[in-house]
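Dear colleague,

Please have it open while you read.

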Amino acid sequence: MTQAIIELNHLAKKFGNQTVLKDINLTLNKGEIIGLIGPSGAGKSTVIKVALGMEVASGGSAKVFDTVMPNRQLLGRIGYMAQTDALYEALSGRENLKFYGLMKGIAKADMAKEVAHAAQVVDLTDDLDKRVAGYSGGMMRRLSLAIALLGNPELLILDEPTVGIDPALRRQIWAELGSIRDEGRSILITTHVMDEAELVDRVALLLGGEVMAFDTPVALKQQYGVDTIEDVFLKAEGVE
Amino acid sequence: MRTIGIMNRVLKELFRDKRTLALMFVAPILVMLLMSVIFNTNSTTNVNVGTVAVTQKLNKEMGGIKHVDVKTYDTKADAKQALQDEKIDAIIKKNGNNYDLTYANTDSSKTAVVKMAFKNAVTATSIDQLKSALKKSTTGMAKLQAQLQAMQKQQAAMSASTQTTGATAAAKKAASTKSTSTTTATKSTSQKTPKITNHYVYGDKNTGYFAKMLPILMGFFVFFFVFLISGMALLKERTTGTLDRLLATPVKRSSIVFGYMLSYGILAVIQTIVIVLVTVWLLGIEVVGNMASVVVINLLLALVALAFGILLSTFANSEFQMMQFIPLVVIPQVFFSGIIPLDSMADWVKDISYIIPLKYSGDAVSDIIMRGTSIFSEGWNILVLLVFLVVLTILNVVGLRRYRKV
């Protein structure tokens, strides 16, 4: 039996009177990439926030590494990349990486190596000592991803990581994500790019605060009788 | 460890933002220079004057003047103690025929009021003296005239005698010498205008209104800039998402607050030192007490301002909304900080000043700069500032729960 890294059971979340998540059941296993797709406002970011312990579930339970969230210490084992780039523009790329590395609790001795590795994955090695304010949008996105990769976390939570990244680099990043998975680490990813959804192991289709479908891309396409995940998405939304 | 990391990062960001830095250091200097040039005002204030061994008449005259209250003391030591305790603003002591005036001079407008009142009172009393002297001399003249008439009568009676002319001349001479002696007597009373010596506890006769404002102004600059810049910094962390990302690491919420405190504390110390040096060397303001104590109090105020800024930034959604706190939070502090004398305000207005952090730092720094009070005698002001700091810091650490529930 594979080990569950994230376990969401009948998860519900309300903000005041507004119900964002009704009933979410989702399991992310060790060595697996799960893609979370759904229209804007479906609650993708809320799922991530609950998984990180930034919000507390109103109902059901959210467990990460078999521990009920929120739990501060566990955050050291999670690499998180938000929708916004969340960078300090006055600092250089290297200073950003070092700062977040320090916050994550990476030992001083390992810092240089970790920073170099993360920068190499996103192809930023040459620009590390420039101020972030001078970066292009794509470079910021890559730096943001590099921060999430720092310290080889066992779980990566990526909120739309490939927005604004050109196709060649996107392919490279997906290759890196693949090798992370092959190392036995797990990834939860949200995306708007439907052909990316074809690359994940399982797709969770989020609609109206519920998981409409949760299966491998191939199985989903068969289930809905269409050729692409994009059609699955459209058909599911149409049904709703 | 993480606290230090956050401090380093905040400092790095600050020192790379040259414009904001320049604002923090150049703007206060510029404004103070301007104020020292422009401010020359006198407002009506009530003064308390202590007198030692002064005639009742003068006391009465002084007491009769508007806005002046007179308290009499038996010894100079008693009066000095009262001056120290801020019960009175000046001491007037009579030394023989001369007057010794000692002004606290922490508020130059009060010194001016005392000077005026004393001058008027002295003039009034000396006019009285002149009047009585004049009366004396007139009665003297009357007597002389009577003598003269008597002598003339004698002369008439002795008209037959040939020696009369000589006798009359002698009598006339005697009368004239007498009258001259009376005039000299009158003259000597009027010439005995008492010598007035002025003493100033703080500063000298050139100490202006600006000197009184300065200690408070110093605190105001520290408060204003730290409040605004730290509030903006945290707001930016929130809107750019770096705060969320920071909180997605195992960092403690308190580490974030303390990291900010350390970095802005360092900045406030530098700012205070710059302001103190500028005021001492450029504006020639006298600092009686310990400069290190001034820095310590301002550091404390800066930390309160920081905690306040961070707290209020959570209620703002944009930089502009943060600016809106200036008229609501910062400007009222100035009104109640003591720049405008509080003792002339209504009681309920005075009570507002108790919740104004700037008042406590202003009181403490004024005492240190102008009276040379030791920082250890400012326990109350320091305690209140510390209470502000602790309460606001706890609120901030708890407040960050909004962004991460653990």
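Before the helix pairs are described, one convention is needed: the axes are lines fitted to C-alpha atoms, for helices over the stretch in contact, and the angles run from 0 to 180 degrees between N-to-C directions. With that in mind, helix 9 of chain B and helix 10 (residues 291-313) of chain B pack at an angle of about 140°, their axes being 8 Å apart. Angles over 145 degrees would count as roughly antiparallel, and helix 9 of chain B and helix 10 of chain B are therefore oblique to each other. Their crossing is right-handed. On the side of helix 9 of chain B, the residues that make the contact include Val257(B), Tyr260(B), Tyr264(B) and Val276(B), while helix 10 of chain B contributes, among others, Met291(B), Asn298(B), Leu299(B) and Ile310(B). Sorted by class, this contact has 16 nonpolar and three polar residues, and no charged residues.

Please keep in mind that this is a predicted model, with an ipTM of 0.86 and a pTM of 0.73.

**Confidence**

Chain A has an average pLDDT of 87, and 99% of its residues score at least 70. Within chain A, the lowest confidence falls in helix 8 (residues 229-239), with a mean of 79, and the highest in helix 2, at 93. For chain B the average pLDDT is 82, with 89% of the residues scoring at least 70. Among the elements of chain B, helix 15 (residues 379-399) has the highest mean pLDDT, 93, whereas helix 6 (residues 164-191) has the lowest, 50. Over residues 178-191 of chain B the pLDDT is below 50, and this stretch has 10 contacts in the model beyond near neighbours in sequence. Where pLDDT is low, the predicted coordinates should not be read in detail.

**Where the chains meet**

The contact between the two chains takes 25 residues from chain A and 22 residues from chain B. On the side of chain A that touches chain B, helix 2 (residues 93-104) of chain A gives the most, with six residues. The residues on that side of chain A divide into 15 nonpolar, six polar and four charged.

**Chain A**

Helix 2 of chain A also packs within its own chain: its axis and that of helix 3 (residues 108-121) of chain A come within 10 Å and cross at roughly 125°. That angle makes helix 2 of chain A oblique to helix 3 of chain A, and the crossing of these two helices is right-handed. Helix 2 of chain A makes the contact through Arg94(A), Leu97(A), Lys98(A) and Gly101(A), and helix 3 of chain A through Met111(A), Glu114(A), Val115(A), Ala118(A) and Ala119(A). By class, the contact of helix 2 of chain A with helix 3 of chain A has five nonpolar, one polar and three charged residues.

Two details of the backbone in chain A may also interest you. Most residues other than glycine have a negative phi, and most peptide bonds are trans. Met69(A) and Pro70(A), however, are joined by a cis peptide bond with an omega of about 5°, and Pro70(A) is placed in the loop between strand 5 (67-68) and strand 6 (78-81) of chain A. Asp66(A), in the loop between strand 4 (59-64) and strand 5 of chain A, has a phi near 65°, a positive value in a residue other than glycine. Asp66(A) counts as exposed because it has 10 C-beta neighbours inside 10 Å.

**Chain B**

Chain B contains 15 helices and five strands, and buried residues make up 36% of its 406 residues. Among contacts in chain B between residues at least 6 apart in sequence, 77% join residues at least 24 apart. With 12 C-beta neighbours inside 10 Å, Leu282(B) counts as exposed.

Chain B has a positive phi to note as well, that of Glu86(B), which is about 65° although the residue is not a glycine. Glu86(B) lies in the loop between helix 4 (76-84) and strand 3 (90-95) of chain B, and Glu86(B) is exposed, with 12 other C-beta atoms within 10 Å.

With best wishes

Definitions and conventions:
Residues numbered from 1 in each chain as written. Chains lettered and ligands numbered in written order. Predicted model: local features only at pLDDT ≥ 70, side-chain atom pairs only at ≥ 80, totals over all residues. Contact = placed C-beta atoms within 7 Å. Helix = DSSP H or I, 4+ residues; strand = E, 2+ residues; numbered from the N terminus. Nonpolar A, V, L, I, M, F, W, Y, C, P; charged D, E, K, R; others polar. pLDDT = per-residue confidence, 0-100. Parallel < 35°, antiparallel > 145°, perpendicular 65-115°, else oblique. Left-handed = near helix turned anticlockwise from the far one by under 90°. Buried ≥ 20, exposed ≤ 12 C-beta atoms within 10 Å, placed from the backbone.
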